[in-house]
Amino acid sequence: MTRLTTLFKHRFFQFCVLILAVAALLWLGLRESPAKYRWDLATIEPFKQWYQINWHNQAVGRASVELVEQDDQFTVIENDFMEGRVQGRRFQFRYVRELYFSNQTPYELLGGKLYSEEPQLRVETSFSNDQALTVTEKRNGKSYHKTLPTVDYHLSDYFMLSNLIERSVSPPIETFVVKNLNTRSFEVETSHYQVLKPKPNRPYIALQQQHPNNEISWHRLSKEGQPKLHAFTNGMEYVASSRQVTLSPEMQSDLYLNSGVAVDKPLGAANHIQSLTLGLQNGRLDWFEHHPAVIVNDGRETIQLKLGSRYKASNEDISSFAKVGTERLNPIARELALEAVTESHNDWQKVETLVSYVYDYLNYQPVPAAFNIDDILDNKIGDCTEYAQLLIEMLSAAQIPAREVNGLVYLGDHEKRFGGHVWVEVLVDGHWIAVDPTWNLTQVTSTHIPVAINLDGADFSKTHDRFAFRVEEIHYKGETVDQTKRL
């Protein structure tokens, strides 16, 4: 028994030493081996993340981001679907973006496919990023081709945001720059990020993003770099979801009207108003300081608007628009414009003729789509954006400088609110004069509130501020000062 006991103890001791040795090796190995990160491209695993798309606090769509690995490449698939009512009409939108990357370091961009389906417009684009970046686009069956310089973009750039957040220590880095691929211009752009001050017990990292066009948006990511929320200044939000969300379009309010600006009293017919003074119940007055036609009274916190919009152009404007180029104009639009103005004797007569021509040529229909001039001429439909776009093209053919104006317009007493609108300014006899082809106006109403020119400056649609107007004063046509309606 003694010999067996001794042998057992000896073997047990050896076993314990072996276990301790293995444990030590494992401990040393774990200590020395680098941590495994989810967004490390050498070990990244395929995934699919769903999002709910909200606009002004109502669900309007769903989206997903998927990473697939097959053969010798990684594929990133972004898929957005939105549905809703705009001015009483129901619309559906689908956008798909596929980006192909090598699955070997440095994981460079190989090419991709883009697909968008909107009312009256279907666009399919494929591109290859080899010796040159070659792009083939089909818009409603019409093919377009172009060749551009190759782009320096990698899968690591696509996941840079999540990677930086996951690898940073607490508190994370404060500012950083991330590269993005613009698949409209096929240029690599940079966005600047700033980590916002953490709040107690907040289980996520909050960031502010400044886009290349200076637009601001906000992100929430988990501390592991998983996207949770992306919110834009126009009220759009992408909220992470554990599954594909179900939409209930019939429960939505009208998307166009929901984004408008309420006014506390009805104004009456817009074409009867000589001048209008509005105060702000909510919102910031400085959003209306970017256009010369708006008179801002900081003391009273009001804006004043008058019938028509005419103001002297700067020398810089006159110089830059001295010669309107026609080389790149659509040939059909050029021919139509030149034929229409053959009997016009001066620039203003040309403006009047072309405003009326565009009004008659297009049939008004809400078309929240990225139409180009070819699409507009083919479909002969559009909303204010298409009317303005076509008029500017035809004015340019007639050698008359013109530019787009973005702002608000009164939607009538039945809605009692202002909605987003687009119209045109023409440069005639040294003055900028506003015209509205959607309404066939060569003198805009007092309820046209310009906010931005060519989206340069404040764009009213890009703010979280919930504006509301109060009516301070209205002058109707034909009234004397003593008969002014003061509210």
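Biologist: In which sense do strand E17 and E18 pair, and over how many bridges?

Modeller: Two strands pair if DSSP finds at least two bridges between them. Helices (H or I, at least four residues) and strands (E, at least two) are DSSP runs, numbered from the N terminus. Here, E17 (residues 295-297) pairs with E18 in the antiparallel sense, over three bridges. Within this pairing, Val296 has Ile303 of E18 as its bridge partner. The model is predicted: local features need pLDDT of at least 70 and side-chain atom pairs pLDDT 80 or more, while totals for chains, interfaces and linings use all residues. Residues are numbered from 1 along each chain as its sequence is written, and side-chain values use heavy atoms, with hydrogens and water left out.

Biologist: How many residues lie between E17 and E18 in the hairpin, and which residue in the turn has a positive phi?

Modeller: Four residues lie between the two strands of the hairpin, and Glu301 in the turn has a positive phi of about 55°.

Biologist: How many bridges join strand E16 to strand E18?

Modeller: Strand E16 (residues 273-282) runs antiparallel to E18 (residues 302-306), and five bridges join them. Ser275 stands opposite Lys306 in E18.

Biologist: At what angle do the axes of helix H6 and helix H7 cross?

Modeller: Axes are lines fitted to C-alpha atoms, for helices over the stretch in contact, and angles run from 0 to 180 degrees between N-to-C directions. The axes of H6 (residues 331-340) and H7 (residues 347-361) cross at roughly 125° and come within 10 Å. H6 is therefore oblique to H7; angles under 35 degrees count as roughly parallel, over 145 as roughly antiparallel, 65 to 115 as roughly perpendicular and the rest as oblique.

Biologist: Which residues make the contact?

Modeller: Contact means heavy atoms within 4.5 Å. H6 contributes Leu336, Ala337 and Ala340, and H7 contributes Thr353, Leu354, Tyr357 and Tyr361.

Biologist: Is Ile376 buried or exposed?

Modeller: Buried means under 20% relative accessible area, exposed over 50%, and partly exposed in between (1.4 Å probe, protein chains only). Ile376, in helix H8 (residues 373-379), has a relative accessible area of 0% and is therefore buried. Leaving aside neighbours within four places in sequence, its contacts include Leu362, Phe371 and Leu390. The C-alpha atoms of Ile376 and Leu362 are separated by 8.2 Å, although the two residues are 14 residues apart along the chain.

Biologist: What is the relative accessibility of Tyr364?

Modeller: Tyr364, in strand E20 (residues 363-364), counts as partly exposed because its relative accessibility is 41%. Not counting residues up to four places away in sequence, Tyr364 touches residues including Gln87, Cys384 and Thr438.
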